[in-house]
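Please look over the sequence and the structure shown below before reading on. The paragraphs that follow take the two parts in turn and then consider how they meet.

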Amino acid sequence: MSLDVTLQTDPGAISSDPVAEARRQVEICNACRYCEGFCAVFPAITRQKVFADGDITQLANLCHNCRGCYYACQYTAPHAFDLNLPAALGAARAESWERFAWPGGLAALFQRRGTALAAALVLACALMFLAVAALPGGGEGFYAYLGHGAMVLIFLPAFLLPLAALGIGLRRYWSETGGGAVTLADIGAAARSAATLGNLGGGQGQGCNFEAEERFSDERRMAHHAVMWGFLLCFASTVSGTILHYAFASPAPYGFFSAPKLLGVPGGVLLTLGCAGMLVLKGKADPALGTPGRASGEWAFVWLLGGVGLSGLLLYGLRESVLTGPLLALHLGSVLTLFLLTPYSKMAHGFYRFAALLREAQAGRR
Amino acid sequence: MSEAIARASETWDIIIAGGGNAALCAAIEAAERGAKVLILEGAPKPYRGGNSRHTRNFRCMHHGDLGPLVETYDEAEFFDDLIRVTKGETDEALARMCIRSSEDCLPWMQAHGVRFQPSLAGTLSLDRTNAFFLGGGKALVNAYYLTAQDLGVKVLYEAQVRHVGIEGARATHLEVEVDGVTRHFHARAFVLASGGFQGDIDWLARAWGESARNFLIRGTPYNRGVVLKDMLDQGARSVGDPTQCHAVAIDGRAPKYDGGIVTRLDCVPFSVVVNRNAERFYDEGEDVWPKRYAIWGRLVAAQPGQVAYSIIDARSIDLFMPSVYPPIAAGSIAELAAKLELPAERLRTTIAAFNAACRPGDFHPQRLDGLATGGLEPPKTNWARPIEEPPFYAYSLRPGVTFTYLGLKVDDRARVAGPDGPYENLWSAGEMMAGSILGQGYLAGFGMTIGTVFGRIAGQEAAAHVA
């Protein structure tokens with residue numbers, strides 16, 4: 001029956017520390033509770049009376065920045081409590097990714113500086129131009145420019161090493177938020193939520209308040225769906241190509257009516273359009289409600305992701321032309337950047353968000 | 001300000017003084033009937049909506065499940081609840097009309113953008129009687145502003161109505177201050193929905209005495225009763241007693257204005273409450289808190305300095321909804337007295353006398369457990385468990401006023417009563433006339449019911465008048 005009330009904050013003591021400030025705002029939310037129906041963050045808040053650092057990390061990663069709570073809030077500025085929960089949780093969220101990232105420091109750099117991400121992209125593209133120029137081709141299609149062996153040599157580590165680094169970050173997340181053994185039911189619940197973006201539904205399926213202030217809109221949810229499903233289709237396309245190559249001894253290039261193309265072309269279109277949509281919506285949204293100090297990295301990341309989709313489509317559309325070589329270098333360079341920076345860019349949010357949904361499934365069932 | 005000049009030069013069908021729930025319901029109804037409507041909101045845009053910004057639900061009659069509401073809440077039960085809290089201080093015909101009309105309001109609200117959610121955690125007892133707004137009152141206010149603006153209603157913010165120009169039984173214009181300049185706004189009909197006078201502390205002090213200067217105002221600072229006073233000065237008939245208001249005991253550390261729901265304190269039933277002299281003054285365990293919080297505002301208002309302290313021990317800290325303010329904690333009663341600046345010896349005696357009067361029995365926080373003190377005055381009739389296990393915790397209490405009940409008298413068509421019968425083209429809705437129905441006491445969510453029902457009627461009637 002005891003409660004550690006020393007964790008409680010003075011509601012008027014605005015803090016510059018992201019976790020302390022998020023805690024102050026979450027405590028005000030817990031005393032109000034008017035937003036309970038918007039998303040999973042608020043029911044999660046009501047399960048507790050005081051909030052340790054790990055609780056704040058979990059709530060921050062559960063927040064999808066739909067902004068419904070901000071526009072409904074009676075305590076936003078100029079009120080003395082100065083609530084801006086989307087920004088406060090955004091700050092705690094970005095700070096947590098930077099804290100969990102391994103090696104430390106890289107996430108802070110790439111989340112805060114779009115120029116760093118752009119520089120990485122230029123470097124990766126230059127490397128790929130060099131590789132196309134220097135390394136022998138061997139085979140048909142784009143293998144004529146860069147052989148299969150060279151591609152595996154570059155991309156297998158570029159894919160696996162960041163995943164290992166991300167694994168370290170996710171383990172740190174799980175330990176800080178007190179996660180338990182994951183069950184199939186947890187995975188099912190989290191996958192359902194991720195697949196439908198239920199937390200961008202505004203509580204009654206009317207969408208969020210991202211780009212049109214207090215008006216509800218489903219546009220961000222749709223754009224994000226296009227990005228996520230587009231990316232997954234592109235990824236599935238690559239996997240299917242690998243299977244065809246090794247299991248069926250059927251190397252690229254593939255015709256249109258093949259698994260890699262039937263998955264990859266719609267995937268690329270969705271990814272490109274989705275990213276374009278996200279950029280338009282981001283341009284309309286109020287930056288004061290976004291994650292403070294990370295806008296530059298976020299913009300750069302969406303451009304990079306959209307660039308991966310667009311360059312892949314162009315590579316396919318302009319195949320067997322004079323542009324194939326340069327486009328291949330650009331596409332592979334952008335893919336390389338995306339892969340290598342996964343643990344340190346906004347790309348990490350997908351993994352942490354999924355972990356938060358898993359953790360929420362566990363906590364909600366208890 | 002060019003917008004104000006432009007708006008003042010137009011001729012409106014209907015001008016509405018006020019920008020909260022009642023005003024918006026009136027505006028939407030009138031605009032849907034083709035009227036050209038202007039809303040004059042005294043607050044700046046971030047604070048628009050008056051006290052509606054702080055509300056969370058509205059009380060609604062229904063037969064069978066309706067929206068988020070379950071089972072049935074019929075007119076007889078609703079009216080009984082009203083009679084119990086007002087002790088009969090109501091206008092039965094108006095009250096019954098309001099109750100009956102509430103059932104139609106819920107689908108109307110949904111059709112005009114309001115979204116509901118299930119009862120909030122910790123308020124399960126209300127899921128039959130009160131429909132909760134998704135996101136609370138500000139979300140409702142936002143939805144109505146969007147709907148009204150989509151219907152062509154114009155809104156002028158920071159426009160303070162100073163005077164209603166009346167000739168005989170007709171209102172002719174409003175004198176409105178915008179950016180320090182007073183302008184005349186002309187219309188063929190007017191709806192007055194600009195709330196009570198609780199934001200004017202001087203007026204509260206005139207009605208209550210100087211003790212009112214220690215009251216906290218839970219809602220908007222913009223409801224200063226300017227239009228109400230102007231109308232009463234011109235002979236409009238009033239209802240309600242200026243000392244009556246919806247006031248509750250809230251955390252004494254709350255801001256002077258606009259603290260809203262989070263300043264609520266739910267620990268009283270599990271505590272001992274003492275005044276500045278470290279003396280108890282009322283049965284803390286008389287009933288469950290949702291049925292008692294509204295009387296504690298007045299109880300604390302009657303104490304010296306208008307302050308009280310609710311004291312619990314370690315066993316009770318986890319029994320109630322969290323307060324937004326951390327408790328004042330101490331390892332001993334003496335240390336607590338020092339932190340609260342209470343007479344230490346007196347507090348020790350009061351707690352010791354209370355503890356000695358506690359009797360053995362089973363403590364059940366979720367229901368009336370009958371665990372009462374013996375031979376103590378005043379008694380504590382439920383949840384009387386000794387305050388003995390450190391750390392000890394205290395919260396300060398002050399009266400928090402939500403809205404005052406002195407208002408304009410209206411008829412069942414929301415028409416304002418003048419000295420010689422109803423005005424021809426003046427209607428009123430919301431807290432400005434709620435005293436007609438709420439003579440004293442308060443019923444959770446009923447303010448929004450009154451605002452919605454009378455706001456809609458005022459809008460319909462005013463539109464019919466100008467059609």
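**Two chains and their contact**

Chain A holds 14 helices and zero strands, where helices (H or I, at least four residues) and strands (E, at least two) are DSSP runs numbered from the N terminus. This is a predicted model, in which local features need pLDDT of at least 70 and side-chain atom pairs count only at pLDDT 80 or more, whereas totals for chains, interfaces and linings use all residues. Residues are numbered from 1 along each chain as its sequence is written, and chains are lettered from A and ligands numbered from 1 in the order in which they are written.

Along the principal axes, the C-alpha atoms of chain A occupy a box of roughly 70 × 40 × 35 Å. Its radius of gyration, taken over C-alpha atoms, is 22 Å, in agreement with the value near 21 Å that a compact globule of 366 residues would have; the globule rule used here is 2.2 Å times the number of residues to the power 0.38. Of these 366 residues, 49% count as buried, a term that requires 20 or more other C-beta atoms within 10 Å of the residue's own, with 12 or fewer making a residue exposed, values in between making it partly exposed, and C-beta atoms placed from the backbone. Among contacts in chain A with a separation of 6 or more, 71% are between residues 24 or more positions apart, a contact being two residues whose C-beta atoms, placed from the backbone, lie within 7 Å.

Ala300(A) is buried, with 23 other C-beta atoms within 10 Å, and, leaving aside residues up to four places away in sequence, it touches Gly114(A), Leu117(A) and Ala118(A). Arg112(A) is 188 residues from Ala300(A) in sequence, yet their C-alpha atoms are 9.9 Å apart in space.

Chain B has a secondary structure of eleven helices and 19 strands. Its radius of gyration is 23 Å, close to the 23 Å given by the globule rule for 467 residues, so chain B is as compact as a globular protein of that length. Of the 467 residues of chain B, 56% count as buried.

Strand S14 (residues 308-312) of chain B is largely enclosed by the rest of the structure, because five of its five residues are buried. Both of its faces are covered, with Ala308(B), Ser310(B) and Ile312(B) on one side and Tyr309(B) and Ile311(B) on the other. Strand S13 (residues 272-275) of chain B runs antiparallel to S14(B) and is joined to it by four bridges, pairing being assigned if DSSP finds at least two bridges between two strands; here Asn275(B) stands opposite Ala308(B). S14(B) also pairs in the antiparallel sense with strand S16 (residues 392-404) of chain B, over five bridges, and Ser310(B) stands opposite Tyr395(B) in that strand.

Finally, the two chains meet where 31 residues of chain B are in contact with 33 residues of chain A. Helix H5 (residues 137-150) of chain B gives the most to the side of chain B that touches chain A, with four residues. That side of chain B divides into 17 nonpolar, seven polar and seven charged residues, where Ala, Val, Leu, Ile, Met, Phe, Trp, Tyr, Cys and Pro count as nonpolar, Asp, Glu, Lys and Arg as charged, and the others, Gly among them, as polar.
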